[in-house]
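Subject: Handing over the structure

Dear colleague,

I am passing on the structure for you to look through, and below it you will find notes on what was found. Please read them with the model open beside you.

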Amino acid sequence: MVDSREISSQVLSDIFYGKSFDRALLLNKEYSKLDQRDKSLVSLLVLTSLRRNGQIDNVLSHFIKKPLKKNFFIRYLLKISVAQILYLDFPEYSTVHNAVEISKKYKSEKFTNAILRNICKNKKKFIKEIPAIINIPDWIKKDLEKFLEAKDLLEIANQISLEPYIDINIKNENFNQYNWEKILKGKKVFENIIRIKNKSNIEDLPFFQDGKWWVQGISSSLPVFLIKKIFKKNSKNKTVLDVGSAPGGKSFQLIDFGFKVSSIEISKKRIATLNSNLERLKLNTKIINEDFLNIDFKEKFDCILIDAPCSGSGLMQKKPEMLVVKKDISSLVKKQKKMLLKAANLVKDGGYIIYCVCSMLSAEGENQIISFLNNQKCFSSKNHFTDILEFGEVLKSNTFLVTPNSFQKKGGVDGFFIGCLIKNPN
Ligand SMILES: C[S@@+](CC[C@H](N)C(=O)[O-])C[C@H]1O[C@@H](n2cnc3c(N)ncnc32)[C@H](O)[C@@H]1O
């Protein structure tokens, strides 16, 4: 049986080569043989190493002058070991001993031993002096620095180092039926959302199989919350096109509020997930498995919700693999622009486009709206954000940026961007 630390190092290495966390676990044969306790340990070690990658590299650079080659297994073993010693407070002796034993296979036991012992000796200094800010990669930090203060950035860095909570969105008809805080052992944090501590087996929680709730982060629920506010009690007659709809959180909310929903999604695989989620939740929508950019619609919609494909830079806490693999966002930015333009012709006069991305980068958020409005004179940007100010800030363009450090006392939120565009009648 391969040791969990060795498996963690393999998984971490796969992530540095571009695999997502989930896929790296799924494809690791040794991981699948572990019991639940060891699987949880692997997750903890890998996710902590990713969240603390900048700090860990900084620590290692004190003792390794030339960066270790990407294909050198010991590189990942050291990262996992530093995460254990400095950020998980695992016992030093057993951590070093274990790493040295694994290193023997790679004839690197002396090297591993010397580095980890030195790190143990300087543990307090490293924990105190190496700030979390260096965990945010430069391609994200440089952009955020343009509009966030240093204090906010530091708070964001601290927030994303922590394990995230899970938000559970209860269906309207079931919300007052039970004491959900008690049933799910969580806290109501917003609307129908109960926040719980991370749990690996979500499907085992009460009423999951009965389809009374789904998992959806607060940030991601805000666009539909705004749509509900905008259309107030008229939701029953209003048509909403949910663009990029799988795995389905926003469609579920829209259907649950009574809108007439059409959900379009390009990916067959993701449509399958959407369908199985809808079945479990006993919800119905018109599903269109097409490319939004290539489809002709005969009707116009009261509202088009574009949850555009994006870098996911707002998900640094939930998907920390993004902290170690740089994304090229240029093709995404082009696609987002095309989606906005296509929606402009499909929305009724007086109707709305709600554009959102789980990103905080201005190129994917505010700049998209500014450039859209420069060319589409019949649209204007509306500030409908007064009820959600606890989650972020209204930007100059009348758009909204959700920042992870807002809502910090209740556990923080994912970074997110929302623009509400009204089509003014000519
Ligand atoms: C951010 S995810 C959507 C998440 C979803 N709205 C939810 O709340 O669960 C973006 C989605 O857009 C889909 N997508 C990307 N390009 C598309 C296109 N041209 N037409 C339709 N869907 C597209 C992706 O496959 C992906 O599922």
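Which residues form one aromatic cluster? The cluster is made up of Phe190, Phe225, Phe391 and Phe407. Please bear in mind as you read on that this is a predicted model.

For background, strands of a sheet pair through backbone hydrogen bonds, in either a parallel or an antiparallel sense.

**Strand 9 and its partners**

Strand 9 (residues 347–357) is largely enclosed by the rest of the structure, because eight of its eleven residues are buried. Strand 9 pairs in the parallel sense with strand 8 (residues 301–307) over six bridges, and here Cys303 stands opposite Tyr352 of strand 9. Together with helix 17 (residues 330–346), strands 8 and 9 make a right-handed β-α-β unit. Strand 9 also runs antiparallel to strand 13 (residues 416–423), to which six bridges join it, with Tyr355 standing opposite Gly419 of strand 13.

**Aromatic rings and charges**

The structure holds 17 aromatic pairs, and one of them is the edge-to-face pair of Tyr178 and Trp180, with 5.4 Å from centre to centre and 80° between the planes.

Two rings have a charged side chain placed over them: Arg280 lies over the face of Phe208 at 3.8 Å from the ring centre, and the charged end of Lys342 sits over the ring of Phe292, 5.9 Å from its centre.

**Backbone points to look at**

Most residues other than glycine have a negative phi, and most peptide bonds are trans. Against that background, the peptide bond from Ala246 to Pro247 is cis, with omega near 5°, and Pro247 has its place in the loop between strand 5 (239–243) and helix 15 (249–257).

Lys107, although not a glycine, has a positive phi of about 50°; this residue lies in the loop between helix 7 (92–104) and helix 8 (109–121), and Lys107 counts as exposed because its relative accessibility is 75%, which is over the 50% cut-off. Lys185, likewise a residue other than glycine, has a positive phi near 55°. Lys185 is found in the loop between helix 13 (180–184) and strand 2, and Lys185 is exposed, with a relative accessible area of 71%.

With best regards

Terms used:
Residues are numbered from 1 along each chain as its sequence is written. This is a predicted model: local features need pLDDT of at least 70, side-chain atom pairs count only at pLDDT 80 or more; totals for chains, interfaces and linings use all residues. Side-chain values use heavy atoms; hydrogens and water are left out. Buried means under 20% relative accessible area, exposed over 50%, partly exposed in between (1.4 Å probe, protein chains only). Helices (H or I, at least four residues) and strands (E, at least two) are DSSP runs, numbered from the N terminus. Two strands pair if DSSP finds at least two bridges between them. A crossover is right-handed if, with the strands pointing away from the viewer, the path from the first strand over the helix to the second runs clockwise. Rings of Phe, Tyr and Trp (its six-membered ring) pair if their centres lie within 6.5 Å; planes under 30 degrees apart count as stacked, over 60 as edge-to-face and the rest as tilted. A charge sits over a ring if NZ of Lys or CZ of Arg is within 6 Å of the ring centre and within 35 degrees of the ring normal.
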